[in-house]
Amino acid sequence: MMDTKLETCSLCNKTSILMESHLIPRFVYEWIKNTSKTPYIRSSENINQRLQDGPKFYLLCEECEQFLSKLEDEFAKNFFKKIANYRNQSTTLTVTENMKTLILSVFWRCLIIYKDNENDRTNEDTEKLLLLIEDLKRQINTKCDSKIYFLPFYGKEPYYDIPQEYIYLLERCIQPADARFLDEPHRWYVVLKLPFMYFYIFSDGFSDAEISGGTEFTIGNIEIDKINTLPQILRAYIDNDYREFLKSKKDMSPTNIEKISRDMMKSNSNTGSDKSLYRSLGNKKRCIFIDI
Ligand SMILES: [Zn+2]
């Protein structure tokens with residue numbers, strides 16, 4: 001029997017039986033599994049544990065869950081899978097209002113869960129974060145008015161002069177949205193990482209110089225192959241992501257590394273995961289670490 005709870009839906013405020021929703025849409029985890037050698041994923045929170053699925057939470061009523069799930073299907077088919085694609089990436093993609101709403105809804109879901117995590121936020125930060133969550137909710141229920149930016153990884157690497165060893169992270173890692181706060185003036189930016197792409201939003205208070213180079217995820221056609229810059233602030237964020245990625249790799253136990261290596265030997269197929277790994281290693285010797 002399905003687990004159910006009678007509570008308030010976080011999106012429409014109706015009292016209802018809440019459904020379990022994925023923090024990051026299910027299709028993203030499916031993509032990871034379908035392009036891997038084993039049907040597992042790992043989280044940096046506990047790198048030694050194999051998971052069959054991404055984290056889920058009781059947030060939404062059935063109606064809201066279905067509403068977002070339709071948006072997910074559209075985004076997955078007409079955008080995500082056209083870039084997160086090892087064989088054939090599309091050069092021109094069409095962004096719709098539905099896709100923007102979906103991306104905002106993923107930010108919103110992540111931030112609701114993230115706000116209760118252990119953190120070093122000041123009261124002022126938390127206040128801003130709660131306002132952002134409310135504002136995202138308003139936009140999902142009405143119309144998107146936030147400027148969303150995105151960074152796709154398209155074509156031949158190196159991507160945007162980002163070091164080659166980052167490729168595995170760029171192409172395959174998922175990172176739920178989190179918020180970073182900066183002072184003077186007090187401001188924030190939020191970043192969401194999906195395979196082959198980042199999405200990010202800036203608050204007010206950033207100078208043009210700080211955010212220049214970003215590509216807006218805006219309604220209409222976007223020529224992915226023409227994008228060649230990213231803001232400095234996102235570049236620094238990606239550097240930090242890579243350091244975190246290395247740290248979680250280090251935490252992997254020898255037993256686990258052995259297990260992964262055994263699974264890799266068993267399977268001869270050349271998966272997407274292998275392709276990213278080989279390119280990440282450049283000309284270096286094949287390493288036995290893999291994300292799955
Ligand atoms: Zn609802």
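I take helices (H or I, at least four residues) and strands (E, at least two) as DSSP runs, numbered from the N terminus.

This is a predicted model, where local features need pLDDT of at least 70, side-chain atom pairs count only at pLDDT 80 or more, and totals for chains, interfaces and linings use all residues. Residues are numbered from 1 along each chain as its sequence is written, and side-chain values use heavy atoms, with hydrogens and water left out.

Confidence came next: pLDDT, the predictor's confidence in each residue from 0 to 100, has a mean of 87 over the chain, and 86% of residues reach 70 or more.

I then checked helix α4, residues 123-141. Its 19 residues should span 27 Å at 1.5 Å a residue, and the end C-alpha atoms are 27 Å apart, which agrees.

Which residues of α4 are buried? With buried as under 20% relative accessible area and exposed as over 50% (1.4 Å probe, protein chains only), I noted Asp 125, Leu 129, Leu 132, Ile 133, Leu 136, Lys 137, Gln 139 and Ile 140. Seen down the axis, they fall within an arc of 165° and so line one face of α4; the arc is that of the directions from the helix axis to the C-beta atoms. Asn 123, Glu 127 and Leu 131 are exposed on the face turned away.

The buried residues of α4 pack against α2 (62-83), α3 (97-114), β8 (175-182) and β9 (187-194).

Notes
Expected span 1.5 Å × (residues − 1). Contact = heavy atoms within 4.5 Å.
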